There are 2 protein chains.
Amino acid sequence: MEATPTNRMKDWKAQASDLSQCPVRQVLDHVSAKWPVLILMELEQGPVRFNALLRALPDISKRMLTQSLRNLERDGIVRREVFDTKPPSVCYSLTELGEGFLPHLLAMVDWAEKGMPHIAAARAAFDRA
Amino acid sequence: MEATPTNRMKDWKAQASDLSQCPVRQVLDHVSAKWPVLILMELEQGPVRFNALLRALPDISKRMLTQSLRNLERDGIVRREVFDTKPPSVCYSLTELGEGFLPHLLAMVDWAEKGMPHIAAARAAFDRA
DNA sequence: CTGGATCCAACTCGATACTG
DNA sequence: CAGTATCGAGTTGGATCCAG
């Protein structure tokens, strides 16, 4: 069977409702969650250290930053490098896989920004009713 | 100031950490959540009725389907049409805004699928360590 | 500096029952 | 058919303390 977009989607749907059975969904959930999005956009500027990220993202907690970075690292989207200095420092950066994802993320942000007038109008109309 | 991607991103970051203050993040969260993704892909095939959606998405509950559809409708991504027949029927479809979003969604799915070999390898390597 | 471990409050979501 | 209402289990995430 040819892997047309439509066919792919159907195969996809068959497993997609069971999140734990669909690898694609797992990755998508990791990258689209609240903090990973912001982390990825920080990393686009170049390699960053842990505490720098912590400062750059004013409202994230250490717990969530660590957890998000671990997910991204495990999926091969972010690279973690430990330098055995004193005190120790850890540097995070995008892998090639991660760099390949950023355009899609930015495209969605762009779509959302360009659509905001429509969205705001829709919300106002909806809330009136 | 020119609205380059970089500049836009900086403006963005200023508010992004406070989810309730960033409209873009709100929309992104709505569309990237677990069920909305699947709903949107169903809707791509054409208008669907409530119960049809319920059947198409085996594991979704009425509660979540209603809630997800309401969010999408409020953001102007999904159109809801009520036909006053007996029994009543409600038809959901993509708005133009929603159709404009789907390519981005599909692109991300595509990226995830194409990257799965890398991701699986990364996960295996990570779990060994 | 870079985390791990634990506790606890808040929110999420599914199941169930009910309505026009 | 297309929802709404309510409740309880489960999950999430922030705060705090500890460690290499």
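**View 1. Helix 3 (residues 34-43) and helix 5 (residues 62-74) of chain B pack at an angle of about 75 degrees, their axes lying 10 Å apart.** This is a predicted model, in which local features need pLDDT of at least 70 and side-chain atom pairs count only at pLDDT 80 or more, while totals for chains, interfaces and linings use all residues. Residues are numbered from 1 along each chain as its sequence is written, chains are lettered from A and ligands numbered from 1 in the order in which they are written, and side-chain values use heavy atoms, leaving out hydrogens and water. Helices (H or I, at least four residues) and strands (E, at least two) are DSSP runs numbered from the N terminus; axes are lines fitted to C-alpha atoms, for helices over the stretch in contact, with angles from 0 to 180 degrees between N-to-C directions. The angle makes helix 3 of chain B roughly perpendicular to helix 5 of chain B (65 to 115 degrees; under 35 is roughly parallel, over 145 roughly antiparallel, and the rest oblique). In contact (heavy atoms within 4.5 Å) are Trp35(B), Pro36(B), Ile39(B) and Leu40(B) of helix 3 of chain B with Met64(B), Leu65(B), Ser68(B), Leu69(B) and Leu72(B) of helix 5 of chain B.

**View 2. In chain A, the axes of helix 3 (residues 34-44) and helix 5 (residues 62-74) come within 10 Å and cross at roughly 75 degrees.** Helix 3 of chain A and helix 5 of chain A are therefore roughly perpendicular to each other. Look here for Trp35(A), Pro36(A), Ile39(A) and Leu40(A) of helix 3 of chain A, meeting Met64(A), Leu65(A), Ser68(A), Leu69(A) and Leu72(A) of helix 5 of chain A.

**View 3. Helix 2 (residues 23-32) of chain B has Val24(B), Arg25(B), Val27(B), Leu28(B), Val31(B) and Ser32(B) as its buried residues.** They span an arc of only 160 degrees around the axis, which puts them on the same side of helix 2 of chain B. Buried means under 20% relative accessible area, exposed over 50%, and partly exposed in between (1.4 Å probe, protein chains only); the arc is that of the directions from the helix axis to the C-beta atoms.

**View 4. Met108(B) sits in helix 6 (residues 96-128) of chain B.** Met108(B) is buried, at a relative accessible area of 6%. Setting aside residues up to four places away in sequence, Met108(B) touches Leu28(A), Val31(A), Phe101(A), His104(A) and Met108(A).

**View 5. Ser89(B) belongs to strand 3 (residues 89-94) of chain B.** With a relative accessible area of 10%, Ser89(B) is buried. Not counting residues up to four places away in sequence, Ser89(B) touches Arg49(B), Glu81(B), Val82(B) and Phe83(B).
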